Amino acid sequence: MARYVYDFTQGRRDMADLLGGKGANLAEMTRLGLPVPPGFTVTTEACRAYLSTGGEPAGLWREISAHLTAVETTAGRLLGQPDDPLLLSVRSGARFSMPGMMETILDIGLNDESVLGLAKVSGNERFAWDSYRRLVQMFASIVMGVESAHFERAIGDLKAERGVRDDVHLTAGDLAGLVGTFKELVHRETGEYFPQSPAEQLRRAVLAVFASWNGERARLYRRREHIADDLGTAVNVQRMVFGNLGPDSGSGVAFTRDPATGRPGLYGDYLPDAQGEDVVAGIRNTVTLTDLEHLDPGSHARLRAHMETLERHYRDLCDIEFTIERGTLWMLQTRVGKRTAEAAFAIATGLADEGLITSDEALARVGGDQLARLMFPRFDTSQTGDPLARGLPASPGAAVGAAVFDSAEAVRRAAAGEKVVLVRQETTPDDLPGMIAAQAVLTSRGGKTSHAAVVARGMGKVCVCGAEELAVDIEQRRFTASDGTVVEEGTVVSVDGSTGSVYAGPVPLTDSAVIRFLENGSTDEDTTGVADAVARLLARADSVRRLEVRANADTPEDAARARRFGAQGVGLCRTEHMFLGERRKLVEAMILACDESEREDTLAALLPLQRADFTGILAAMDGLPVTIRLIDPPLHEFLPDRTDLAVRIATAEARGTLPDPRDTELLAAVDRMHEENPMLGLRGVRLGLVVPGLVAMQVRAIAEAVVERTRAGGSPRAEIMVPLVGAVEELRIEREEVERVLHDVSRKSGVTVHCPVGTMIELPRAALTAGRIAKEAEFFSFGTNDLTQTTWGFSRDDVEAAFFSAYLDKGIFSASPFETLDRDGVGRLVRIAVDEGRAARPDLKIGVCGEHGGDPDSVHFFHAAGLDYVSCSPFRVPVARLEAGRAAL
Ligand code: ADP
Ligand code: MG
Ligand code: MG
């Protein structure tokens with residue numbers, strides 16, 4: 001039979017799948033000899049068993065009872081013992097941290113009798129009754145399903161009656177009365193009495209924590225963070241220690257380094273005379289750890305030492321939760337802490353410099369998504385006046401949006417396409433949907449460890465918290481700054497999560513320090529050293545990666561920028577962009593040409609324009625390969641819109657004049673060329689095979705550009721890529737024409753033009769017949785956008801908005817297959833094509849040029865599948881370099 005319970009002394013850090021992150025780390029701290037209140041962990045396996053059957057797993061209670069006895073024995077008293085009760089916390093803790101998303105119940109074991117015992121042994125009657133009323137409230141709302149608001153209202157009524165503003169002014173007698181009110185409330189709402197049996201409290205609390213795995217906000221959080229729905233949560237049962245026993249007690253959270261900047265040194269918030277939840281909730285304003293040093297130097301020194309132990313042991317930034325009970329320090333939680341992108345880079349290089357980790361480990365600790373975030377623009381405040389307010393820079397970045405004052409409004413406006421900033425006094429887990437919908441979160445209370453800060457940091461969302469100068473009025477839906485400025489709902493504000501400043505109105509954006517550094521090596525703006533850390537880790541990635549990184553670039557400017565970002569060539573140069581703008585007229589003329597000679601004339605007019613485009617790109621990428629794709633989209637995309645034409649003709653007729661004959665001709669052409677499914681119609685290689693002269697013109701332009709660059713002393717390396725091939729015969733015929741033109745240009749110019757000819761693999765049939773296609777192709781480039789469309793039968797332009805969010809909700813996939821390569825389906829086709837292509841032609845060069853080429857997860861797949869390079873947009877090039885390096889570790 002499965003074993004469902006592990007004592008803290010029996011677990012380890014590497015058992016997080018079974019014990020959850022919190023349980024595994026509590027066990028690890030126990031093993032390290034740190035002061036952890038004793039307890040045990042009920043496994044995620046028990047949770048899964050419970051969730052699948054809806055009933056308590058067989059034998060679970062027997063195991064829990066045995067472990068409880070052990071805890072009681074060490075404590076020398078029994079759970080809920082009337083004269084001196086042992087109390088327990090029952091804490092959720094899943095494999096992946098989900099801050100505040102699931103439930104924790106404190107003070108289990110109190111009842112009408114043991115509350116008197118607790119009052120006596122603690123010598124603090126008020127504390128005992130406050131703990132009891134907290135238990136009734138938590139237990140009733142989490143286990144018995146009573147709305148928490150009922151209890152809040154009862155507290156509010158009592159305070160009004162007593163004429164006091166703060167909970168702390170309620171006396172022991174008041175609180176005892178409140179417990180009575182609460183118990184009546186429970187009975188009224190549920191028809192059941194609050195359970196007096198400590199064992200029953202424990203048993204039901206454990207099952208309720210299991211059930212909280214499927215609570216609404218936990219599900220939402222998992223979807224957003226791509227955490228699987230079937231993992232389940234562990235439950236930690238632990239002896240209570242009390243931070244609310246008076247001024248020599250308290251509770252806090254701390255980080256071994258600053259999680260916003262990565263700067264070394266303890267960082268944290270402490271709240272005297274409080275239970276842990278109070279710190280994170282931002283209910284009262286916290287003090288710093290430096291203040292704690294004055295309040296209780298002994299505990300502070302011990303905390304420091306323990307945190308150093310933890311950082312050296314985990315070899316990473318740790319965050320912890322601790323409680324001081326009458327001068328005794330207890331460690332209640334630790335984990336490798338969430339951090340901003342900036343801090344991730346700073347910490348990784350910092351730990352490497354300290355010799356705690358190797359440079360490869362440092363590389364493994366950062367990710368492409370974080371790097372991408374550092375490349376986002378920041379505010380240019382040179383022309384901007386003073387900020388409205390300053391708060392704590394809790395999660396960096398620049399965000400502009402309309403101020404909104406609750407989660408629902410944020411969701412509503414964001415769904416309508418508006419950018420919003422969620423403004424609250426403090427956030428709670430209920431605000432999660434609004435936080436996801438918003439560009440930024442702004443709070444007037446709470447520290448860098450408050451709920452808003454922790455959750456925003458985890459999501460990479462901009463956050464400024466604790467902007468105390470702001471008076472936030474949720475009812476009136478506005479806030480007032482200290483200079484009297486009133487910001488009503490809907491007004492645009494700018495929030496700078498890197499400095500903590502909040503501005504009225506939109507502030508313009510400018511390049512980030514990391515972009516400046518990547519573009520031109522300038523470190524002027526790099527006040528935090530993050531650009532230096534990025535440079536070092538990119539250099540490390542470059543030295544270990546096997547995948548080359550190229551860029552998708554259609555213009556010399558893009559090619560040049562990509563090269564500055566480290567691109568090793570162009571993997572996709574689209575030529576259709578070169579038919580737009582003023583050249584449209586020529587393309588229209590070509591399409592409308594009624595005979596061979598007319599068509600040749602228009603093509604001849606296009607030729608020098610295309611040649612100039614190619615010359616520019618080959619110059620920008622001199623010495624590096626440039627893969628040029630022959631024209632791909634259906635030709636009617638270059639014709640005017642049908643409705644516009646029809647309206648023009650109808651207007652002319654209504655005026656009694658003759659319509660422009662060109663419009664009539666164009667309309668006829670549009671109608672003739674109409675396709676029901678253009679994506680599957682006359683495009684790609686099919687165009688080259690049926691439209692005479694088109695491909696020849698493009699190839700001639702490429703070849704002549706190569707000649708021009710060669711004569712100018714350059715080393716042009718053009719490669720010609722044929723799109724949308726499904727059968728080797730298509731490629732064979734097209735290739736003959738390509739070679740004929742290359743040969744012709746070589747002969748006429750006296751410069752030997754050699755361009756490798758390859759194809760895109762973007763149809764399932766191409767992947768499945770790759771062995772044959774490779775006989776005619778010198779290279780393959782996976783067009784994973786079209787390959788995803790054609791494998792799934794999804795029209796990208798239609799499906800994403802129509803039903804992808806429903807598919808994500810239902811768990812059909814956990815990320816859009818257009819963002820992250822679908823390994824099982826599309827990935828399988830990629831592997832087949834790689835294997836069969838290389839079997840037919842061992843020196844076949846293989847790359848990918850779909851947008852997946854810059855997606856971190858997909859880059860790892862392409863590395864594993866044995867590709868030679870990935871190609872992505874210029875801004876993703878550094879991301880792909882970093883991930884290609886990480887994939888090779
Ligand atoms: P979360 O995962 O939301 O952080 P926790 O299980 O850590 O939830 O519980 C929240 C808070 O409850 C903790 O930060 C701590 O302050 C308090 N708490 C939990 N267990 C105990 C305990 N055994 N003694 C005292 N306080 C506790
Ligand atoms: Mg916690
Ligand atoms: Mg394509």
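Colleague: Which residues of strand β27 are buried on one side, and which on the other?

Modeller: This is a predicted model, in which local features need pLDDT of at least 70, side-chain atom pairs count only at pLDDT 80 or more, and totals for chains, interfaces and linings use all residues. Residues are numbered from 1 along each chain as its sequence is written, while chains are lettered from A and ligands numbered from 1 in the order in which they are written. A residue is buried if 20 or more other C-beta atoms, placed from the backbone, lie within 10 Å of its own, exposed if 12 or fewer, and partly exposed in between. Both faces of β27 are covered, with R717, E719 and M721 buried on one side and A718, I720 and V722 on the other.

Colleague: Which residue of β28 is the bridge partner of M721?

Modeller: Strands are DSSP runs of E with at least two residues and helices are runs of H or I with at least four, numbered from the N terminus; two strands pair if DSSP finds at least two bridges between them. Strand β26 (residues 625–629) is joined to β27 by 5 bridges in the parallel sense, and there V626 has A718 as its partner. β27 also pairs with β28 (residues 757–761), again parallel, over 3 bridges. In β28, the partner of M721 is G758.

Colleague: Which residue in the hairpin of β6 and β7 takes a positive phi?

Modeller: The hairpin has 6 residues between its strands. The residue with a positive phi, near 85°, is G262.

Colleague: Why is one side of β18 and of β20 left without a neighbour in the sheet?

Modeller: The strands lie in the order β18-β19-β20 and form an open, antiparallel sheet. β18 (471–473) and β20 (486–488) each have one side without a neighbour because they stand at the edges, each with a single partner strand.

Colleague: How far apart are the C-alpha centres of domain 1 and domain 3?

Modeller: Domain bounds come from an automatic or database domain assignment, which gives domain 1 as 67–239 and domain 3 as 378–510. Counting two residues as in contact if their C-beta atoms, placed from the backbone, lie within 7 Å, 7 residues of domain 1 touch 8 residues of domain 3. The C-alpha centres of these two domains are separated by 33 Å.

Colleague: What percentage of the 889 residues in the protein is buried?

Modeller: The secondary structure of the protein comes to 35 helices and 31 strands. Its C-alpha atoms fill a box of roughly 105 × 65 × 55 Å, taken along the principal axes. Of the 889 residues, the buried share is 52%.
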